[in-house]
Amino acid sequence: MKTKIPELSPNASPADILRIGIEAAGGPVSLACSFSLEDVAIIDIAHQAGIKLGVFALDTGRLNEETYEVADALKVRYHLKIEWYFPRHEDVEPLERSEGLFSFRESLDKRHACCQIRKVEPLSRALKELSGWVTGMRREQSITRGDLKAIERDTLNGGILKINPLIDWSEEQLVSYSEEQSLPKNRLYSQGYRSIGCAPCTRAVKEGEDARAGRWWWENPENKECGLHRR
Ligand code: SF4
């Protein structure tokens, strides 16, 4: 029987959302960590509130060096054990041999094919072990995230719970929290990045652009998801 989505008070804090979501999931729950400000804040919030939360990460093979540095800093600060997931070599080797190293820039289909191999398939392996997963998604990040819920059912991944504790946080709140707690911060942010992803598909954004404008900047705004957060 599927677990019920719990009711949340409108004033629920990120720690409340985490605690209630994990309890409702009734089994192992992990954070999908991309080493963004959001994910680091969630690790810190869970740590300070004494909430047990697993952490996994997808190494797509195309991450920035700066991102690995954050992973290492988290390991030291929180004694964190990160479960890494990689793409299957039997998928990624033929992709690179037949399509080249930058096929994702040629069409939306080719970009989705790369994301499927490097992100979506490893994610589905990670989620098979879990009753729930935690993400750093926030409503204000982009037009694709406006109708997010704090706790929702992930129907594309076996109906497990998806918990979004920072759903209502603004970017200002996030940055203040990170500074107040002196959290490890990806050096890409000081170069104008506002979202952390694969190196060839993410860039710094201009003043006034939304936080995810630097992802797949050659595509339309409504396409800016990689398949990890299809709903
Ligand atoms: S973000 Fe780019 S490099 Fe990363 S998996 Fe998707 S298409 Fe491939």
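Between which two strands does the loop that holds Asn157 lie? Asn157 lies in the loop between strand 5 (151–154) and strand 6 (160–163); strands (E, at least two residues) and helices (H or I, at least four) are DSSP runs, numbered from the N terminus. The model is predicted: local features need pLDDT of at least 70, side-chain atom pairs count only at pLDDT 80 or more, and totals for chains, interfaces and linings use all residues. Residues are numbered from 1 along each chain as its sequence is written.

**Asn157**
- Asn157 is partly exposed because 19 other C-beta atoms lie within 10 Å (20 or more would be buried, 12 or fewer exposed; C-beta atoms are placed from the backbone).
- Beyond its neighbours within four places in sequence, Asn157 is in contact with Ser124 and Leu127 (C-beta atoms, placed from the backbone, within 7 Å).
- The C-alpha atoms of Asn157 and Ala213 are separated by 27 Å, and the two residues are 56 apart along the chain.

- Six strands form an open, mixed sheet in the order 3-2-1-4-6-5, where pairing requires at least two DSSP bridges between two strands.
- Strand 3 (82–85) and strand 5 are the edge strands, each pairing on one side only.
- Strand 2 (residues 54–58) and strand 3 run parallel and are joined by four bridges; Ala57 stands opposite Trp84 in strand 3.

**Ligand shell**
- The ligand is surrounded by 13 residues, the closest being Phe104, Cys114, Cys115, Cys198 and Cys201 (C-beta atom, placed from the backbone, within 6 Å of the molecule).

Definitions and conventions. Two residues are in contact if their C-beta atoms, placed from the backbone, lie within 7 Å.
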